[in-house]
Amino acid sequence: MPSEGRCWETLKALRSSDKGRLCYYRDWLLRREDVLEECMSLPKLSSYSGWVVEHVLPHMQENQPLSETSPSSTSASALDQPSFVPKSPDASSAFSPASPATPNGTKGKDESQHTESMVLQSSRGIKVEGCVRMYELVHRMKGTGLRLWQEEQERKVQALSEMASEQLKRFDEWKELKQHKEFQDLREVMEKSSREALGHQEKLKAEHRHRAKILNLKLREAEQQRVKQAEQERLRKEEGQIRLRALYALQEEMLQLSQQLDASEQHKALLKVDLAAFQTRGNQLCSLISGIIRASSESSYPTAESQAEAERALREMRDLLMNLGQEITRACEDKRRQDEEEAQVKLQEAQMQQGPEAHKEPPAPSQGPGGKQNEDLQVKVQDITMQWYQQLQDASMQCVLTFEGLTNSKDSQAKKIKMDLQKAATIPVSQISTIAGSKLKEIFDKIHSLLSGKPVQSGGRSVSVTLNPQGLDFVQYKLAEKFVKQGEEEVASHHEAAFPIAVVASGIWELHPRVGDLILAHLHKKCPYSVPFYPTFKEGMALEDYQRMLGYQVKDSKVEQQDNFLKRMSGMIRLYAAIIQLRWPYGNRQEIHPHGLNHGWRWLAQILNMEPLSDVTATLLFDFLEVCGNALMKQYQVQFWKMLILIKEDYFPRIEAITSSGQMGSFIRLKQFLEKCLQHKDIPVPKGFLTSSFWRS
């Protein structure tokens, strides 16, 4: 567009003008020395100012009348228009009288004009020079003001610089003081830490020396204990060998006496003496001493109790043979006396020579034990069973004596080890439940690891039976005691709990047979009916002691209630019935059960051969058959059903005869259970039995 073209032309013209070519410095304050120098320097006229004086000013004066021109106006105009003030020295020289431009020898008409012109020019030069001087004065005053301002600024800058320098010195001093103080504090802390470290080091050294001393003492005691145990073991072996040889001598003498007893059989027909009781007892004594020797061989060496028992058996055998001899002597004298009487009677009859003899039939022999089989049941248990019972109790007592040093120790470390071992043995047994098979396996592995000497975690600490030489015996005893206590308490309250506890106990029994023997010992002691064994009251025995032998709990001369007693006995019998039929599923199936169903059959047969007890026998039979009846039925089949029929036909009347009206509950429960099983020809699987699905959980 045309307007845009003119705009660009205007801008170009402005740029090419004098003002457009001026240079502006925005940072002129930084160049204040140059500005002050320019202000303080004298003003100089350029060469162009002469030309202005010669050509411009005359024309301006011609246009104005002389009257109107006054020095004041001229001076004012000169001051108002400083651009027209000449500054060049060349111009000032043109107005001087000695200027070469004025000829020296010319006179004429133009002399006045030249004079007037020179006068005019001189007045103008004076005005211009006055303006120049005034301009110089103004600039000089401005330069003086600027110099004073500069000096004032320099003084301020110097004062500020000095103040800043002083503040910097104070800051350096304060910083140095602070560093010195921090260094001093740090050095004190380091010295204190060093003293504490030295004190702690000395304390650790003292503790180390003390522990080393204690450890040396313990090692010395352990070595002495080991030497003592080795000596005791050597003496025990020597004594055991002596006892074993003595047992063999006793057995040999026993066999000789048994032969003498058998040799007296010839007197049976001659003297009509019943020797069956003597021979039965003799055979029992021979079996007893043979069992003692066999048990001693299995347990390496016989004990003093075994030898004493064998000696008692031998003395009884001697007394038996002596009694037999006396019996034979008495029978011989009776026969001789009878023969003499018969001979005397015959002699009297011959002398009297009476009529025909009256034939007298001998009186019929009375039917006694020899003539009719005794159908009464026994009250005592078989001798072989009592021997087994006594062996288990002796083993339990021997185990207690083994760790007696640990239980009676006053050492705090030994007490701590005892408590840790007891917790590690009993807490896992308390955690047995039917939650899951994997959980049960964890508990079993923990108990097995503890008995194997491996460290286990208990109460946040690592526990092992190797911490004490008597630790293994202590753990085995406490573990067996806890299993029986679970049957006495947990199984008595919750019958289903018998199976998980029994399967763990059976697995531990299989891997650690001594624990199984201790379980039986504890079970027989708390529940003698699990033998089965009916303790008899002996003369001179305290009533409370006899009640404890029967299984009752006596506290402060108060005997527990019958219901609570039966509940505890029931729990322990249920646990025993579960143990004999269960095996640990992860064990070795090629090995036989350490205490299997054959012991259940033995228990059932022996308890049926004994007289029943009121309220006790019916309760225990019901609990045993309910838990173990299904397994016995599968194992023995027809023989087991025959035994159940025998119980129903022959044993029920005996139980009913001794049961009072207030105790018929247990008898009725057993009778209904047995009749239902015989009716359906099946015994149901007990409630709570562990199935295969349980082990997959």
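Helices are taken as DSSP runs of H or I with at least four residues, numbered from the N terminus. The structure is a predicted model, in which local features need pLDDT of at least 70 and side-chain atom pairs count only at pLDDT 80 or more, while totals for chains, interfaces and linings use all residues. Residues are numbered from 1 along each chain as its sequence is written, and side-chain values use heavy atoms, with hydrogens and water left out.

The structure holds 20 salt bridges, each defined as a side-chain nitrogen of Lys or Arg within 4 Å of a carboxyl oxygen of Asp or Glu. Within helix 6, R133 and E129 lie 4 residues apart, about one turn of the helix, and form a salt bridge whose closest N and O atoms are 2.9 Å apart. Of this pair, R133 is exposed at a relative accessible area of 52%, whereas E129 is partly exposed at 40%; here buried means under 20% relative accessible area, exposed over 50%, and partly exposed in between, with a 1.4 Å probe and protein chains only. Also in helix 6, R234 and E231 are 3 residues apart, and their salt bridge brings the closest N and O atoms to 2.2 Å.

In helix 14 (residues 471–493), K478 and E481 are likewise separated by 3 residues, about one turn of the helix, and are joined by a salt bridge with a closest N and O separation of 3.5 Å. K478 counts as buried at 17% relative accessibility, while E481 is partly exposed at 27%. Salt bridges with shared partners also link E488, K526, E560 and R568 into one network.

Definitions and conventions
Helices (H or I, at least four residues) and strands (E, at least two) are DSSP runs, numbered from the N terminus.
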